[in-house]
Structure formats: structure tokens, C-alpha cells
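This report describes one protein model from its sequence and coordinates. Please consult both while reading the sections below.

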Amino acid sequence: MATRFRLVMAMQRTIQRIHTLVDTPRLKSFSLNAPKSVDVEYANGVKFSLSAEFLRVYSPAADGKIRSIGSEKVISGRRHVGIMSAEPVGNYGVRIVFDDLHKTGIYSWDYFFNLGSNKFTLMRNYIKTLKKHGLSRDPSKRKSSKDL
């Protein structure tokens with residue numbers, strides 16, 4: 001609870017100091033709804049709720065668990081990933097820590113706005129890419145000791 005309070009206070013200070021690009025409205029609020037999603041609201045009244053899976057798949061960081069297929073980078077099996085925490089980074093964004101231990105992505109307020117504005121197209125394209133390569137949003141099943 002204390003961690004959440006510190007995060008909220010830090011986020012409020014950050015929001016007060018943010019200067020965004022001309023195309024992106026000023027951030028009004030950021031809420032972590034761990035483990036499922038984050039909500040972002042901008043000064044122009046636009047609000048986005050972005051799922052943990054969506055944010056994990058579109059992490060702005062390079063990730064060793066990405067499967068390269070041709071020139072495409074594909075992350076599969078993240079349907080049930082959760083968000084463990086979100087840590088403020090300067091005045092411009094947050095680092096999200098996922099329960100699959102991915103924690104190197106820094107999400108700027110501009111990037112959240114871009115993701116939210118294009119959420120349906122991005123998710124549709126992600127699902128098409130998975131199908132094209134025979135992959136799934138669901139995690140692969142691990143072999144139990146009796147299967148070995």
C-alpha cells in the first residue's frame with residue numbers, strides 16, 4: 001500500500017511538470033490497475049485502458065523472448081501476463097514491470113497516447129501476425145515430469 005501511495009504521489013508530481021509534444025495532449029492522470037491494466041487520461045478528455053498483454057506485446061524495449069520470423073518481431077504466449085508495478089521515470093513516463101520479469105520497457109506518455117489511439121488496429125495486426133506464423137496468445141504448455 002505504501003508503494004502504491006508513493007507511486008501515486010510521484011505520478012502526480014510528474015503530471016504537473018509534463019510538457020508533451022504538440023500532437024499529444026498533456027497527461028492528466030495515470031492509474032495502475034495491477035495486474036490487469038493501466039488507465040491513462042489526457043487533458044483533452046481522451047481516456048485509454050490498456051491491458052497488460054497489449055502493453056507487454058508492444059513494449060518499447062528490445063526483448064530476448066521475441067521470436068524473429070523473417071523481418072517481423074513476434075511475441076507470443078502473453079495472454080495472461082500481469083503487471084506487477086509501474087515506476088515513474090523522469091517527467092516523461094513509467095517503467096512497467098511484468099510478472100514474466102520483463103522490466104526494461106520505458107513507456108512515455110506520448111507512447112501511451114499512440115498505443116491507445118491505435119489500440120484496435122495494433123491488436124488486430126498482432127493477432128493476424130500470430131495466426132500467420134502458427135503462434136498463439138496463450139502460453140505454451142510446459143511438459144510435466146511424467147511427460148518426460
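## Aromatic residues

F30 is buried, with a relative accessibility of 10%; buried denotes under 20% relative accessible area, exposed over 50%, and partly exposed the range in between (1.4 Å probe, protein chains only). F112 is likewise counted as buried, at 0% relative accessibility. This is a predicted model, in which local features need pLDDT of at least 70 and side-chain atom pairs count only at pLDDT 80 or more, whereas totals for chains, interfaces and linings use all residues. Residues are numbered from 1 along each chain as its sequence is written, and side-chain values use heavy atoms, with hydrogens and water left out.

The whole structure holds 9 aromatic pairs. Rings of Phe, Tyr and Trp (its six-membered ring) pair if their centres lie within 6.5 Å; planes under 30 degrees apart are stacked, over 60 edge-to-face, and the rest tilted. F30 and F112 form a tilted pair, because their ring centres are 5.7 Å apart and their planes stand at 45°. This pair connects distant parts of the chain, since F30 belongs to strand 1 and F112 to helix 3, 82 residues apart. The rings of Y42 and F48, with centres 6.2 Å apart and planes at 65°, form an edge-to-face pair. Y42 is buried at 0% relative accessibility, and F48 is buried at 12%. One aromatic cluster comprises F30, Y107, W109, Y111 and F112.

## Overall fold and confidence

The protein contains 4 helices and 8 strands, where helices (H or I, at least four residues) and strands (E, at least two) are DSSP runs numbered from the N terminus. Along the sequence their order is α-β-β-β-α-β-β-β-β-β-α-α. Of the 148 residues, 39% are buried.

The average pLDDT (the predictor's confidence in each residue, from 0 to 100) is 83, and 73% of the residues score at least 70. In residues 16-22 the pLDDT is below 50, and this stretch has 9 contacts in the model beyond near neighbours in sequence. A contact requires heavy atoms within 4.5 Å.

## Nonpolar core

In soluble globular proteins, nonpolar side chains tend to be buried together. A nonpolar core is a set of buried Ala, Val, Leu, Ile, Met, Phe, Trp, Tyr and Cys residues joined through side-chain atoms within 4.5 Å. The largest such core has 30 residues, of which F30, L55, I96 and F112 touch the most other members. Elements giving two or more residues to this core include strand 1 (27-33), helix 2 (52-57), strand 7 (93-98) and helix 3 (109-117). Apart from neighbours within four places in sequence, the contacts of L55 include V38, I83, I96 and F112.

## Loop residues

R78 lies in the loop between strand 5 (72-74) and strand 6 (83-89) and is buried, at 13% relative accessible area. Its side chain makes a polar contact with the side chain of D100 at 3.0 Å. A polar contact is a pair of N or O atoms within 3.5 Å; within protein, one must be able to donate a hydrogen and the other to accept it, and residues adjacent in sequence count only if both atoms are side-chain atoms. A polar atom of the R78 side chain also lies 3.1 Å from the backbone oxygen of S76.

Most residues other than glycine have a negative phi, and most peptide bonds are trans. L101, a residue other than glycine, has a positive phi near 75°. L101 sits in the loop between strand 7 and strand 8 (106-108) and is exposed, at 63% relative accessibility. A cis peptide bond, with omega about 5°, joins A34 and P35; P35 is in the loop between strand 1 and strand 2.
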